[in-house]
Amino acid sequence: MMSGQLWGVVVAAFLASLVEFVEAYTIVLVVGVTTNWRSALAGAGAAMVTLAVLVTALGTALVRLVPIDALRVGVGALLVLYGLRWLKKAILRYAGITALHDEEAIYEAELARMRERGEQHTQGLDPVGTATAFKSVLLEGIEVAFIVITFGAQASGVGAAALGAAAACVLVVGTGVLVRAPLERVPENTLKFVVGLMLTGFGTFWGGEGLGAAWPGQDAAIPVVIGTYLAASSLLVLWLKRGRTAARRTGIPAVVEDGAAR
Amino acid sequence: MNRLTAAVISAYHFVAGDAVILCGIAASFAIVGVLAHMGNIHGAGLGALMIAIVIVVLALSLQRERPR
C-alpha cells in the first residue's frame, strides 16, 4: 500500500509528464496527419528505443550526463526551420500568390495513373517527417525521464513517479487516437498553416529555453507564442494581399503555380 | 535514382530551400545565445526577442514573393 507521500509523487509526476507527452504527441500527430503515419510512428518508435537505451545504460545518471539545453536548442532550431517553411507556403496560398490546389483531386488522379501503370501505392518513409517525430519524442521523453528521476529521488519513489508518467502517456495517446480522424478532414492548407504555427511555436519555446529564456508561466507560454505567430501571420497575409491588389492594377500577373514559391 | 541519392537531394532542398529562413534562424539563435551568455537581457526578454526575430525572418522571406 502506497503512502500519502508516494501518491503525491504519482500525481505530481502524472501532471508534469502530461504536459511533456501532450507536446510530443502533438508533433507526432502533426507529422502523421500531414506527411504519413508510417514516418510519424517510425520516428516516434526510434526515439523511444533510443530513450530506453539511454535510460537503461545511464539510469539516474541521465540527469547529469545528457546536455538537455543543447538538445533543446538543436531540436528547437530544426523545428523553427521546418515550421517556417510550411507557414510561408500556407501564407502565400492564403494571400492568393500561390494557387490553392485541390489536393484531393490531385491525389486521386495520381492514384489512378499509378493503377494504370500497375504500380502499388505505398506510403514510404519521409526523412524530414521521421526526423521531426524522432527529435520531438526524444526531447520530451528525456524530459519525462528527468521528471521521473528527480520527483522519484526526492521521495525515494522512482517506481511511483514512473507509474504517474505511464498513466499520463496512456491518457495522451488514447485521447490522440480519438482526435486523429476529425483532424484528417481539415482542409489541407488550413492544416499546413496550423502545423507551421505549431512547429514554429514549439521550436521557439524549446530553443529559447535551451538558450536561457525564462518563459512566463513555463509551458503555459506555448499557446501565447503560437498565438503571437498567428497574429503576425494574419497581418502578413493582409500585407501580401495588398501587394497583389496593387500588382493587378498595374497588370502584372500575381498568381504563380505552387512550387515556384519556396 | 536510389534511396540514398533521393535522401541526399531531399536533405539539400530542406537545408538550402530558403536561404533567408536558414540564415535568419541561425542568426536569431546566435544573437539570443550571445545575449543570454553576456547577461544583457534576462528571462522573458530573450523569448520576446526571439519571437520578434523569427517574425522578421518570415516577413523578409515573404518579401521576395510579394508582387510589386
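Mentor: The questions below concern a predicted model, taken topic by topic.

Trainee: Which secondary structure elements make up chain B, and in what order do they run?

Mentor: Chain B has 3 helices and 0 strands. Of its 68 residues, 32% count as buried. Read from the N terminus, the order of elements in chain B is α-α-α.

Trainee: How much area do chain B and chain A bury between them?

Mentor: The contact draws on 43 residues from chain A and 31 residues from chain B. Carbon and sulfur atoms account for 79% of the buried area. The area buried between the two chains is about 3100 Å².

Trainee: How many salt bridges and how many residue pairs in polar contact are found across the interface of chain B and chain A?

Mentor: For salt bridges across this interface, the count is 0. For polar contacts, with both residues at pLDDT 80 or more, the count is 1 residue pair.

Trainee: Which element gives the largest share of the side of chain B that touches chain A?

Mentor: The elements of chain B that give two or more residues to this side are α1 (3–16), α2 (19–38) and α3 (44–63). By class, the side holds 18 nonpolar, 8 polar and 5 charged residues. The largest share, 13 residues, comes from α3(B).

Trainee: Which residues of chain B does Ile91(A) touch?

Mentor: Residues up to four places away in sequence are not counted here. Within chain A, Ile91(A) touches Phe193(A), Ser233(A), Val237(A) and Leu240(A). In chain B, Ile91(A) touches Leu58(B) and Leu62(B).

Trainee: Is Ser233(A) buried or exposed?

Mentor: Ser233(A) lies in helix α9 (residues 221–249) of chain A. Leaving aside neighbours within four places in sequence, its contacts are Leu87(A), Ile91(A), Phe193(A), Leu197(A) and Leu58(B). Its relative accessibility is 0%, so Ser233(A) counts as buried.

Trainee: Which residue has its backbone oxygen 2.7 Å from a polar atom of the side chain of Ser233(A)?

Mentor: The side chain of Ser233(A) belongs to a residue of helix α9 of chain A. A polar atom of that side chain lies 2.7 Å from the backbone oxygen of Tyr229(A).

Trainee: How many salt bridges are there over all chains?

Mentor: Arg72(A) pairs with Asp69(A), with the closest N and O atoms 3.0 Å apart. Arg72(A) also pairs with Glu143(A), again with closest N and O atoms 3.0 Å apart, and with Glu209(A), where the closest N and O atoms are 3.4 Å apart. Over all chains the count is 3.

Trainee: Why are Arg72(A) and Asp69(A) separated by about one helical turn?

Mentor: Arg72(A) counts as buried at 15% relative accessibility, whereas Asp69(A) is partly exposed at 37%. Both residues sit in helix α4 of chain A, and they are 3 residues apart, so the separation is about one helical turn.

Trainee: How many residues apart in sequence are the parts that Glu209(A) and Arg72(A) tie together?

Mentor: Glu209(A) is partly exposed, with a relative accessible area of 22%. Glu209(A) lies in helix α8 of chain A and Arg72(A) in helix α4 of chain A, so the pair ties together parts that are 137 residues apart.

Trainee: Which residues are linked in a network of salt bridges?

Mentor: Both Arg72(A) and Glu143(A) are buried. The network consists of salt bridges that link Asp69(A), Arg72(A), Glu143(A) and Glu209(A).

Trainee: What is the phi of Gln218(A)?

Mentor: Most residues other than glycine have a negative phi. Gln218(A) lies in the loop between α8 (188–211) and α9 of chain A, and counts as exposed at 59% relative accessibility. Although Gln218(A) is not a glycine, its phi is positive, at about 50 degrees.

Trainee: What distance separates the C-alpha atoms of Val19(A) and Ala168(A)?

Mentor: Val19(A) is in helix α1 (residues 4–34) of chain A and counts as partly exposed at 31% relative accessibility. Val19(A) and Ala168(A) are 149 residues apart along the chain, and their C-alpha atoms are separated by 8.7 Å.

How values were computed. Residues are numbered from 1 along each chain as its sequence is written. Chains are lettered from A and ligands numbered from 1 in the order in which they are written. This is a predicted model: local features need pLDDT of at least 70, side-chain atom pairs count only at pLDDT 80 or more; totals for chains, interfaces and linings use all residues. Side-chain values use heavy atoms; hydrogens and water are left out. Contact means heavy atoms within 4.5 Å. Helices (H or I, at least four residues) and strands (E, at least two) are DSSP runs, numbered from the N terminus. Buried means under 20% relative accessible area, exposed over 50%, partly exposed in between (1.4 Å probe, protein chains only). Buried area is the accessible area (1.4 Å probe) that two parts lose on being put together, summed over both. A salt bridge is a side-chain nitrogen of Lys or Arg within 4 Å of a carboxyl oxygen of Asp or Glu. A polar contact is a pair of N or O atoms within 3.5 Å; within protein, one must be able to donate a hydrogen and the other to accept it, and residues adjacent in sequence count only if both atoms are side-chain atoms. Ala, Val, Leu, Ile, Met, Phe, Trp, Tyr, Cys and Pro count as nonpolar, Asp, Glu, Lys and Arg as charged, and the others, Gly among them, as polar.
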